[in-house]
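Dear colleague,

Please find below the structure that I am handing over to you. A summary of the findings comes after it.

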Amino acid sequence: MQITTLGIDIAKSVFQLHGVDADGNVLLRKKVRRRALIDVLTELSPCLIGMEACATGHHWGREISALGHDVRLVPPAYVKPYVKRQKNDMADAEAICEAVNRPNMHFVAIKSTDQQAVLMLHRARDLLVRQRTMLINALRAHLAEFGIVAARGPHKIRELLIHLQDDSCSVPEVAQSALQSLIRQMDGLEDEISRLDREIRTWHRQSEASQRLATIPGVGVLTATALAATVGDPALFRSARQFAAWLGLVPRQNSSGGKERLGRITKMGDAYLRKLLVIGATAVLRRAIQAQTRTGEWVRHLLESKPPRLVSVALANKTARIAWAILAKGETYRTA
């Protein structure tokens with residue numbers, strides 16, 4: 001009897017293993033400490049190993065693949081239907097073992113260390129931008145208490161800070177001391193954001209796929225590098241529409257009895273990529289209204305009956321489909 005399929009419920013310290021043979025008979029149910037996992041898997045003959053695509057999943061996927069096993073990462077949402085009754089580590093490992101054997105299951109490509117490093121730049125930058133926004137909002141709120149108000153926008157905050165340097169400033173010295181502390185933090189964040197931007201641009205110049213993606217209208221360096229690093233293997237998606245659905249840019253369905261009912265977009269998948277695509281599409285929308293192209297004509301037709309925000313999301317959907325085609329076919333964008 002030989003294990004042909006192994007489900008692993010990964011965790012921080014203790015991993016649950018569930019192995020079956022070709023007939024589905026359970027041959028292994030075992031808890032393994034983190035430091036002993038590789039030793040246990042080394043003793044097994046090469047087999048199909050399934051894990052959830054969650055934290056540390058890509059790391060373990062690379063480590064276990066190096067042992068000769070066929071490793072596949074399953075989205076956690078696709079594993080949940082196979083959990084029987086009570087949820088625990090043993091039930092999760094069994095559900096993973098069952099899900100990875102399904103013929104129509106969708107899997108997540110194992111990312112390389114280079115891809116994960118670039119995505120870490122994006123995550124760190126996104127966190128710093130949110131922290132900067134928090135500081136700007138705090139500065140605006142505190143200064144408004146003393147009647148100092150400026151227009152919205154990150155660049156407008158500097159106009160507020162000029163008032164703190166005036167001799168006629170009505171802000172007490174104690175309050176100015178507190179505000180200067182926030183200003184120093186904001187300046188430090190802006191320096192770090194600029195440094196991360198330079199790192200991302202450097203990777204962009206080294207990535208052929210990222211440079212091809214940047215030829216699409218509405219796709220800049222940030223979006224191109226994020227797409228290139230996230231989508232390691234476009235062949236995992238059967239079509240451009242499936243890729244757009246994976247990003248959550250297609251309508252949610254509630255259809256039955258042969259009658260289609262479409263609602264708002266599903267918002268499933270990578271929220272960061274979806275945000276970048278929608279922001280880029282919103283910028284393109286302003287120019288596309290006047291453009292004498294098929295895309296411009298399509299946008300003007302939609303705007304006759306749809307609100308601009310809905311049209312920008314539809315344009316983001318189109319951009320995602322073009323991005324998949326460029327990655328899958330190895331081409332660059334051609335103006336339509």
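The paragraphs below go from the overall form to individual residues.

Please note that this is a predicted model. The protein has 336 residues, and its secondary structure comes to 13 helices and 7 strands. Its radius of gyration is 25 Å, whereas a compact globule of 336 residues would have one near 20 Å. The C-alpha trace spans about 85 × 55 × 45 Å along the principal axes.

Of the contacts between residues at least 6 apart in sequence, 54% join residues that are at least 24 apart. The accessible surface amounts to about 19300 Å², and carbon and sulfur atoms account for 51% of that area.

The cysteines deserve a separate paragraph. With a disulfide taken as a pair of cysteine sulfur atoms within 2.5 Å, the count comes to 0 disulfides. C54 is in no disulfide, and the nearest cysteine sulfur, that of C97, is 16 Å away. C54 is partly exposed, at a relative accessible area of 30%. C97 is likewise in no disulfide; for C97 the nearest cysteine sulfur is that of C47, at 9.2 Å. C97 is buried, with a relative accessible area of 3%.

Two residues were noted for their backbone angles. Most residues other than glycine have a negative phi. R85, however, has a positive phi, near 50°. R85 is placed in the loop between α3 (76–79) and α4 (89–99). With a relative accessible area of 84%, R85 counts as exposed, because the limit for that class is over 50%. K267 also has a positive phi, in this case near 55°. The loop that holds K267 runs between β7 (262–265) and α11 (271–288). K267 is exposed too, with a relative accessible area of 58%.

Finally, which residues does Q242 touch, leaving aside those up to four places away in sequence? They are H106, L236 and F237. Q242 itself belongs to helix α10, which covers residues 240–246. Its relative accessibility is 16%, so Q242 counts as buried, the cut-off for that class being under 20%.

With kind regards

Terms used
Residues numbered from 1 in each chain as written. Predicted model: local features only at pLDDT ≥ 70, side-chain atom pairs only at ≥ 80, totals over all residues. Heavy atoms only, no water. Helix = DSSP H or I, 4+ residues; strand = E, 2+ residues; numbered from the N terminus. Rg over C-alpha atoms; globule rule 2.2 N^0.38 Å. Buried < 20%, exposed > 50% of the residue type's maximum accessible area, 1.4 Å probe, protein only. Contact = heavy atoms within 4.5 Å. Areas by Shrake-Rupley, 256 points an atom, 1.4 Å probe, with all protein chains shown as cover.
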